Structure formats: C-alpha cells, structure tokens
Amino acid sequence: MAKTKAVFQCSACTHEVSKWVGKCPDCGAWGTVNEVAVSASTAAPGRRAMLPSTAAAPLSQIDAKVTRARSTGVSELDRVLGGGVVPGSVVLLSGEPGVGKSTLLLEVAFRWAAAREETALYVTAEESAGQVRLRADRTGAVHDRVYLAAESDLSIVLGHVEQVRPSLLVVDSVQTMLAPEVDGVIGGVTQVRAVTAALTSLAKATGIAVLLVGHVTKDGNMAGPRTLEHLVDVVLQFEGDKNSSLRMVRGIKNRFGSADEVGCFELHDDGIACVDDPSGLFLHHRTDTVPGTAVTVAMDGKRPLVAEVQGLTVKTEIPQPRRAVSGLDYNRVAMVLAVLQSRGRVFLGKHDVYAATVGGMRLLEPTADLAIALAIASAEADIALPAGWVILGEVGLAGEVRKVTGLGRRLAEAERLGFTTALVPPGSEKTKTGTMRIHEVGDLRSALRLAELRKSRAPREVVAVE
C-alpha cells in the first residue's frame, strides 16, 4: 500500500497550507480549506496524487437512469430542454427585462407541483412576496406545494432548501443574490460566480433541479463572467419583441440534448401559453392573393416555420429613393434589389422599396432571397403570385438560385399547411411531397418568367457624356 499523508487544501483555488485555517490565504474564501489525503509515492515531480473518494467504474456499468429527464409540464420548454429537466441539473434562463422570464418559471413551478406529489421552491430576490402572489393569482399559478421565499441572502436560501426539501428550485435572479462570505458587490463577477458555484454544488449533491434567471447586457449577451455559462448544464435564451406577444426560448448550450431547438410561446394578460403550431402566426390569412406577397419556409434550429414576406414599391421624385426593411436583413435585401435590377431587369431606381415580414418574425437566413425578390417584383408589376405557392432558394450575385438545407422538412411543413406548389433550386434532393407540384428554377429570370412577372419594360437609361 502506498503511504499517504494529510494536507489542507482550498476547494475553491486548490491552494495548500500546512494546517487548517478558516480563511484561504490565497483566494480569501471562508470555510473552503479541507483535509485531503495525498499519496506521495505515485506523484509526478512537482505534483501530489490525491486518493479518489470513489473508484473509477467501467462506462458500461454507469446507471443512465439518474440523468433521465422529467417533464416540466410546459411542452415547448420540454422540447428545448430535450424532454424535460434532469434531476441535479442547473438551467440558466436569460433574457431582456419584461420579456416574461418570471412568468414562465412561475408557470413551470406550478405545473411541476401540480403534476406530482413534490414541492417546488420559488426564490425571488427582485420582488416582494406580495408581488409574486399577485402574478400567481393573475396567471392561475397558486398551489399548496409551491413555496415562495423573498430572500437575497444565499445562506438563508440554503436554509429554506433544507426546510422545504424541494425537488425543483427557481432562483430569480442570480445577479441579485448575495454570498455573505465572499467579497464584492451584488451582481459583480465574484458574487455571481460564487452564487452559481454554490447552487451548482447544491444541485449535484442533493439531486435538486435548479432553474436560474440571468440578466442580459445592452447587447443582449449574458451579464457576468463567461465562466458562468460553463458552470451550468443548460443555457437558454428567452427572446421576444415588446410590440408582439410572441416569445421564443432558444437553446444555446445543453449537456442532455440538442442545443438548436426552439420553443414558441404567446404572452397574454393571464399568463403564458405554448404555441404548438407557430407557422400560423407568421401568415396573414386571406381568401385571395395580393400583389407584393410571397411565402417561404425558414428553419429556426430544427423547426420549420412558414413565413410571409411582403414588398411594396412606390414611385418617388427624390434622387435617392428610400429603402425600408422590417424583420429582414437590410444588407441582404439591398443585395437582392441589386440582383433583381441587374439580372432580372426589374428597374427600381425611381421607386421607394419597403420589405417586411408578417407577425413580428425575424427572417435572416438566405433561403428567403428568392421570396423577397418575387414579392418586390410582384409589387412593382402589380401582379399577385398564384395562390398556394411557397418559394425557397438563395439568390447569388450572378442571379443563380442556390440550394438550401433541410428542403424536405421545409416542403413537408408547407404541404401540411395546404400549399400546393413549390419553387425550389435545381438539383435538390428528392423529397416525398405527396401531391405538391415542384418547379425547379435555375436563376432569377426563370422564376420571374414562371410567375408571369416579366413584361415589356423600358430599356436601361443611357446617360450622354459630354
């Protein structure tokens, strides 16, 4: 047997001292110096080997049931999490103020307690208990097994956890919690890291699922140190426009599933509701077609969303016509307008051009290029596109229509919503589309000709040079 000896090491910074002290002399943390056993015979030069507390086991003998996800009762959130919350995991939900983070997590706590004989503890450090109760009354999230604590002191919160013994802990928010034994102001790097590390250790030791609310900066990024995102298991981004009721939860990091899923919600006065079929929110339902509209299918993560693009052209006498864009990439639309004029012979030099999406959707991927071009050409010609058309394709500077990813899933979603004809790039993979008619278009001119938007136009203006 190898000889061992005891040393005292800080669990926060691994600094070693000859005897036990209450405060680490290196990092200043209190109560982190513990006695550990060291094996000197097998240690590498300059390093000491620590005796493991638990022996390494073959991977085939590890029980996978301990990481089985449990449903939160909110279907769209379960989709993003990969089936639900894993016991002992830490989930960080970040988003702008007023987007609905507290409303969503209060609903999660309510459904968690209502679906099983277990308790949920909701800790709020930003609001009073009365304010949370008013929100619970408004959203119908009052339950006897949902416990509420309005505390900002981490030590007191840990005491509440020992008394209540919940299986789900919600902390709103991590930037407003205070670790008394750590120096630094509330919301600072040191405090945020210490609070997150303590809650992560609590989750791993007890098996409690922890949901943390995080603030964001003006740029929309997670506030605090980047190491905060490495401490937790799942990072979610809650997005939404204050002028729209649509909210989206987007996965950024997920140790238990895919990180490119998206969940859709709709925020109401009486709470937040899941939107299982969000494509209907991005379409303007009408009985007849209107010039200047085109429909495409975007992929948000793995989820196909049918979206409508609208274009409008108005003649103007000013030397620099206006270009206004809403929900689209301005630079991308400008490039499409240039290709439309140079390759498609649709002259817009004396027109104000407006392009927008419907329902507050942000459409930034290149797959919408062809739909944008045909919508603007339809508005300029005052000719509506045929009913039931869905248009997919990226437009290059030479006017060619390029392939798009996930064409099969896009066409399946469009066919499910009743679209009968699709314009797609040439050479696309063969897909089973049932009764949908597929038209392959190689360039922008072919698409304009197929949509019957080409008409006799004046030739290019020639400026005489004196």
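Ground rules first. The model is predicted, so local features need pLDDT of at least 70 and side-chain atom pairs count only at pLDDT 80 or more, while totals for chains, interfaces and linings use all residues. Residues are numbered from 1 along each chain as its sequence is written, and side-chain values use heavy atoms, with hydrogens and water left out.

Start with the nine-stranded sheet. It is open, its pairing is mixed, and the order is S7-S6-S8-S9-S5-S10-S11-S12-S13. Strands here are DSSP runs of E, at least two residues, and helices are runs of H or I, at least four residues; both are numbered from the N terminus. Two strands pair if DSSP finds at least two bridges between them. Strand S7 (146–149) and strand S13 (271–274) are the edges; each has a single partner strand, so one side of each has no neighbour in the sheet. Neighbouring strands are turned by 25° against each other on average, direction ignored. The axes behind that angle are lines fitted to C-alpha atoms, for helices over the stretch in contact, and angles run from 0 to 180 degrees between N-to-C directions. At one end, S12 and S13 pair antiparallel over four bridges. Leu267 has Ile272 in S13 as its bridge partner.

Now the rings. How many aromatic pairs does a search of the whole structure find? One. Rings of Phe, Tyr and Trp (its six-membered ring) pair if their centres lie within 6.5 Å; planes under 30 degrees apart are stacked, over 60 edge-to-face, the rest tilted. Phe238 and Phe265 have ring centres 6.4 Å apart and planes at 75°, so this pair is edge-to-face. Phe238 is in strand S10 (residues 234–240) and Phe265 in strand S12 (residues 262–268), so the pair ties together parts 27 residues apart in sequence. Buried means under 20% relative accessible area, exposed over 50%, partly exposed in between (1.4 Å probe, protein chains only). Phe238 is buried at 1%. Phe265 is buried at 0%.

One charge contact too. The charged end of Arg116 sits over the ring of Trp112, 4.2 Å from its centre. The cut-offs: NZ of Lys or CZ of Arg within 6 Å of the ring centre and within 35 degrees of the ring normal.

Next, the cores. A nonpolar core is a set of buried Ala, Val, Leu, Ile, Met, Phe, Trp, Tyr and Cys residues joined through side-chain atoms within 4.5 Å. The largest has 44 residues; among those touching the most other members are Leu340, Ile372 and Leu448. Helix H8 (residues 369–381) gives the largest share, eight residues. Domain 2 (75–276) and domain 3 (281–451) both contribute, so this core lies between them. Those bounds come from an automatic or database domain assignment. A second, separate core has 33 residues, including Phe110 and Val249.

Last, the four-stranded sheet. It is open and mixed, in the order S14-S15-S17-S16. Strand S14 (293–300) and strand S16 (323–326) are the edges, each pairing on one side only. The twist averages 20° from one strand to the next. S14 and S15 run antiparallel, joined by eight bridges. They form a hairpin with two residues between them, and Gly301 in the turn has a positive phi of about 70°. Is S14 covered or open on its faces? Both faces are covered, and eight of its eight residues are buried.
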